[in-house]
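Have the viewer open and follow along.

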Amino acid sequence: MSRKVLVAYATKMGATAGIAEAIGTELRSHGHQVDVREVGQISRISWYDAVVLGSAVYAHRWRPEAVTFLRHHTKELRDRQVWLFHSGPVGPASDQLQSMPRKVQRLARRIGATPAMTFAGKLTQETAEGFLATRMARTQLAGDFRDWDLISAWAKDIGAAISAIEVSTWHRPGDPASTQKSHT
Ligand SMILES: Cc1cc2nc3c(=O)[nH]c(=O)nc-3n(C[C@H](O)[C@H](O)[C@H](O)COP(=O)(O)O)c2cc1C
């Protein structure tokens with residue numbers, strides 16, 4: 001069943017935007033109507049049946065605009081299926097799972113979302129030169145570590161779960177009360 005899905009992302013250098021676009025492409029292939037948007041450009045989410053939110057991780061924190069998005073839309077997100085992801089680890093530790101920052105954990109609990117999926121990130125040579133002192137660290141950490149197969153597989157599972165969401169048809173479209181949350 002086709003659903004309306006928002007894929008929202010917060011990025012500084014663009015890597016997380018690329019992940020969000022890949023998720024959007026996979027969800028569209030399941031027949032869903034998908035908007036991929038930078039969080040700062042989103043004012044209303046009532047139109048959507050499900051939301052995927054991702055943030056880049058810097059110094060163990062989510063981007064502030066992603067946290068603001070969760071806070072501003074807590075009530076509507078509680079009534080929808082929500083999936084979270086973050087993009088961060090690079091270099092030899094790029095396959096290490098990142099726990100969600102405390103603030104994000106609290107907000108995720110409030111909206112009933114499961115813990116964020118971790119995706120490896122990307123660090124450009126220029127960025128690495130800006131904050132890493134040694135050439136060895138730069139050589140190890142700079143690069144594009146995003147795992148497109150893992151990202152697609154995750155989005156594929158979400159696509160199937162979204163298809164199974166029950167939406168009551170007797171409510172007005174866009175009415176938050178019209179979506180019944182039931183994680184599969
Ligand atoms: C100054 C700096 C701090 C970072 N801190 C973290 C961190 O705490 N945890 C992490 O997993 N990745 C960290 N990273 C890696 C970034 O999260 C990674 O490069 C990410 O893909 C950037 O996403 P963006 O291009 O969407 O901004 C850091 C990168 C920089 C440049």
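Is D144 buried, partly exposed or exposed? At 42% relative accessibility, D144 counts as partly exposed, where buried means under 20% relative accessible area, exposed over 50%, and partly exposed in between (1.4 Å probe, protein chains only). Before going on, please keep in mind that this is a predicted model, in which local features need pLDDT of at least 70, side-chain atom pairs count only at pLDDT 80 or more, and totals for chains, interfaces and linings use all residues. Residues are numbered from 1 along each chain as its sequence is written, and side-chain values use heavy atoms, with hydrogens and water left out.

D144 has a charged partner: its side chain meets that of R146 in a salt bridge, at 2.8 Å from N to O. The term stands for a side-chain nitrogen of Lys or Arg within 4 Å of a carboxyl oxygen of Asp or Glu. R146 itself is buried, with a relative accessible area of 13%. Side chains of opposite charge can pair when their charged atoms come close. By this rule the count comes to three salt bridges. Another joins R37 and D35 at 3.8 Å, and R37 is partly exposed at 34%. E65 and R63 form one as well, with their closest N and O atoms 3.4 Å apart; here E65 is partly exposed, at 23% relative accessibility.

Strands (E, at least two residues) and helices (H or I, at least four) are DSSP runs, numbered from the N terminus. E38 counts as buried at 19% relative accessibility. Leaving aside neighbours within four places in sequence, E38 is in contact (heavy atoms within 4.5 Å) with Y9, A10, T11 and E65.

What about a charged residue without a salt bridge? In helix α6 (residues 135-141) you will find R138. R138 is buried yet has no salt bridge, and the nearest side chain of opposite charge, E129, is 4.8 Å away; for charge, Lys and Arg count as positive and Asp and Glu as negative, while His and the chain ends are not counted. A polar atom of the R138 side chain does lie 3.0 Å from the backbone oxygen of L132. Beyond four places in sequence, the contacts of R138 are Q125, A128, E129, L132 and A133.

Now turn to the ligand. Of the 20 residues around it (a heavy atom within 4 Å), T11, T16, V57, Y58 and K122 come nearest. An oxygen atom of the ligand lies 2.6 Å from a backbone N or O atom of K122. For P89, a polar backbone atom is 3.1 Å from a ligand oxygen, and for S87 a polar side-chain atom is 3.3 Å from one. Taken alone the ligand exposes 650 Å², and the protein buries 86% of that (Shrake-Rupley method, 1.4 Å probe).

Our last stop is the loop between β3 (50-58) and β4 (61-62), where A59 is found. Phi of A59 is near 50 degrees, a positive value in a residue other than glycine. H60 is in the loop between β3 and β4 too, and its phi is near 65 degrees, again positive. A59 is exposed, with a relative accessible area of 66%, and H60 is exposed at 65%.

Technical notes. A polar contact is a pair of N or O atoms within 3.5 Å; within protein, one must be able to donate a hydrogen and the other to accept it, and residues adjacent in sequence count only if both atoms are side-chain atoms.
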